Amino acid sequence: MNNDLWYALPLVVVASLVYAATRHERIGPILRHAVRIAVWILGFMGIIFVVLWGVVWLVDH
Amino acid sequence: MPESPEPPAVGPQAHLKDPLVASVLAWLVPGLGHLYQGRYPKAALLFVSILGTFLYGLFLGSDQQAGWGRVVYFSFRQNDVRLYYLCQIGVGLPALPALVQADLVHRGKRPFCHALMAPPKLHAGDPPQPDPKNPDDPGQQTCGDVVRSLARFFELGSLYTAIAGLLNVLAIYDACCGPVLPEPAKDKDNGDETKPDGPKRKEEPAETPA
């Protein structure tokens, strides 16, 4: 199995941190906001993954 | 009731100082603009996040055969237009050796430092000529050689370094204009708005009626 998808994880973390850092000044709110953004991005990726997996399953069967 | 004195210009209430200087510093080295403004925790966070991403991308785009950091290079030649570099240059100084290497190769000289950020040759016979003392010189690699040698890490390294550059654009904006502040939270007891945690901007003088 190709594990290239794991390379997205550090990018999601870093993008969340930097984006949150442009919204707040203190570290506490930055980290809380970053977690929310990271969960949102990963959730969105998960939904797309499930949809694509479903399409592949339908095509195969 | 008398107004409270201005808070000291440190920590979350730090002044943005000169936004132009801060922006240039933030572009040169991620986090340096914030360091100049005295926003130390954010400077450390941006420095580690952005520079770490860029360096990891460089690491992915390096190997003994292809050379070092071959995913960051400046090239707008026919058949090799490197648009990624427009994003990578956002990270500032760490991406600038690519310009020096491109100039060296353009003048037919050999790139330095194991071809760090040097543009690959378009054809095997192009200058610079191979060094007889160093037959494994990565500066002699063509675009195809580099892509074959790095395989999927060529794209991954390009992506990491480009995203690092784009994220630094956000950091530059933050150094220039301060954080995009969220809506101030309402105090539950008396409905007063509490102050957000942003830095102190220079206040505009209030307009006086004519």
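**View 1. Helices α1(A) and α2(A) pack against each other in a predicted model.** The axes of α1(A) and α2(A) come within 8 Å and cross at roughly 135°; axes are lines fitted to C-alpha atoms, for helices over the stretch in contact, and angles run from 0 to 180 degrees between N-to-C directions. Helices (H or I, at least four residues) and strands (E, at least two) are DSSP runs, numbered from the N terminus. The two helices α1(A) and α2(A) are therefore oblique to each other, where angles under 35 degrees count as roughly parallel, over 145 as roughly antiparallel, 65 to 115 as roughly perpendicular and the rest as oblique. The crossing of α1(A) with α2(A) is right-handed; a crossing is left-handed if the near helix is turned anticlockwise from the far one by less than a right angle, and right-handed if clockwise.

This is a predicted model, in which local features need pLDDT of at least 70, side-chain atom pairs count only at pLDDT 80 or more, and totals for chains, interfaces and linings use all residues. Residues are numbered from 1 along each chain as its sequence is written, and chains are lettered from A and ligands numbered from 1 in the order in which they are written.

**View 2. Residues that join α1(A) to α2(A).** From α1(A), the contact takes A:Val12, A:Val13, A:Ser16, A:Leu17, A:Tyr19, A:Ala20 and A:Ala21. On α2(A), the partners are A:Ile30, A:His33, A:Ala34, A:Ile37, A:Ala38, A:Ile41 and A:Leu42. Two residues are in contact if their C-beta atoms, placed from the backbone, lie within 7 Å. By class, this contact has 12 nonpolar, two polar and no charged residues; Ala, Val, Leu, Ile, Met, Phe, Trp, Tyr, Cys and Pro count as nonpolar, Asp, Glu, Lys and Arg as charged, and the others, Gly among them, as polar.

**View 3. The contact between chain A and chain B.** Chain A contributes 16 residues and chain B 23 residues. On the side of chain A that touches chain B, α1 (8-21) and α2 (27-60) each give two or more residues. The largest share of that side, seven residues, comes from α1(A). Its residues divide into 10 nonpolar, two polar and four charged.

**View 4. Helix α3(B) and its buried residues.** Chain B has seven helices and two strands. Helix α3 of chain B covers residues 40-60 and reaches 30 Å from its first C-alpha to its last. Its buried residues include B:Leu45, B:Ile50, B:Phe54 and B:Leu58; a residue is buried if 20 or more other C-beta atoms lie within 10 Å of its own, exposed if 12 or fewer, and partly exposed in between. Their cover includes α1 of chain A together with α2 (32-36) and α7 (152-177) of chain B.

**View 5. Helices α3(B) and α7(B) pack together.** The axes of α3(B) and α7(B) lie 7 Å apart, at an angle of about 160°. That makes α3(B) roughly antiparallel to α7(B), and the crossing is left-handed. Among the residues that meet are B:Leu46 and B:Tyr56 in α3(B), with B:Phe153 and B:Ala171 in α7(B). The residues of this contact divide into 13 nonpolar, five polar and no charged.

**View 6. B:Glu155 in helix α7 of chain B.** B:Glu155 counts as partly exposed, with 16 C-beta neighbours inside 10 Å. The C-alpha atoms of B:Glu155 and B:Lys133 are separated by 32 Å.

Key. Expected span 1.5 Å × (residues − 1).
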